[in-house]
Amino acid sequence: AREAAIADPQHRVMLECAWHALEDAGCADSAQARPVGVFVGAAMNHYVTWNVVAHVDVTQPVGAYQVMIGNDKDYLATRVSYKLNLVGPSMTVQTACSTSLVAVHQACNSLRQGECDLALAGGVAVQVPQRPGYVHQEGMILSPDGHCRAFDAAGQLLGCLGCEREQRTKQRHCAVVVGMMVSPAAQRRGIGRMLVEACVRAASQ
C-alpha cells in the first residue's frame, strides 16, 4: 500500500494494463517462460508534485530512491518488466503525442530482429488532479469537450498491446501490422507518400 501511495498513477495503471494485455493475448501463463519485450511511455508526471513531495510523512519511510523509481518516466518500462517478471528488452519510449505508435514500431522491430517472442507496447497519460479543466482554443490539440478520442477529429488515456510475430495459432488476433515507418516529416512529405514508403496501400486507393 505504501509503495502504491508514492507511485505515479501512470505507473500503476500501465502495470495493470500490461497484465490485461498478456491475458487478452492468451500469454499470461507462459510470459515468464519466454522473452517478452516492453515498450511503453507516459505523459508528464503531476502526481509527484501535488501528492508526494509535499508530504514528508509519506516519503520519509520509503526514502528518496523509491520515490524516484515510482515516479520517473525512465523507469516505466523496466518497472513493468520487473513486476511481471518478464525477461526481454525493456525500453521507455518518449516522443510526445506519437509515443504509443512509436512504441508499437519499436516492439515490431524487436520482434523482427528476434530479440523477443512477444512484446508489450503502449502509452499512458493520466493527470492528477484529474479534473483541472482547461479553456478550449480553436486549432489546439485539446478536444473541445474534454474527452480524448485517438485519431478522431473531435479528439484513451491508456493503452497497451500484445504484439507477436505472425503465427498460425488459436490465439485471438486483433490486427496485423503490414508496414511501418517512423519519420517527423509526415506533414511536409504527405501521408500518401509515407504509406508508400512503409509498403502500405491505403484503403481508399
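Start by selecting Met-14, Leu-22, Val-38, Leu-86, Leu-120 and Cys-160, the residues with the most contacts inside the largest nonpolar core, which has 23 residues. A nonpolar core here is a set of buried Ala, Val, Leu, Ile, Met, Phe, Trp, Tyr and Cys residues joined through side-chain atoms within 4.5 Å. Buried stands for under 20% relative accessible area, exposed for over 50%, and partly exposed for what lies in between, with a 1.4 Å probe and protein chains only.

Next, colour α2 (9-24), β1, α6 (76-83) and β3, the elements that give two or more residues to this core. The largest share, 5 residues, comes from α2. Helices (H or I, at least four residues) and strands (E, at least two) are DSSP runs, numbered from the N terminus.

This is a predicted model, in which local features need pLDDT of at least 70 and side-chain atom pairs count only at pLDDT 80 or more, while totals for chains, interfaces and linings use all residues. Residues are numbered from 1 along each chain as its sequence is written, and side-chain values use heavy atoms, with hydrogens and water left out.

Now centre on Leu-86. Leaving aside residues up to four places away in sequence, Leu-86 touches Leu-22, Ala-31, Gln-32, Val-36, Val-38, Ser-81 and Leu-120; contact means heavy atoms within 4.5 Å. For a second, separate core of 12 residues, select Val-93, Val-102, Ala-103 and Cys-116, which are among its members.

Move to strand β1 (residues 36-42), where 7 of 7 residues are buried. In a regular strand the side chains alternate between the two faces of the sheet. On one side of β1 are Val-36, Val-38, Val-40 and Ala-42, on the other Gly-37, Phe-39 and Gly-41, and all are buried.

Show the neighbouring strands as well. Two strands pair if DSSP finds at least two bridges between them. β1 pairs with β3 (residues 118-124) in the parallel sense over 7 bridges; within β3, Ala-119 is the bridge partner of Gly-37. β1 also pairs with β2 (residues 90-92), again in the parallel sense, over 3 bridges. Here Val-40 stands opposite Thr-92.

Finish with two loop residues. Asn-85, in the loop between α6 and β2, has a positive phi of about 55° although it is not a glycine. Ala-96, in the loop between β2 and α7 (99-112), is not a glycine either and has a positive phi of about 60°. Ala-96 counts as exposed because its relative accessibility is 67%.
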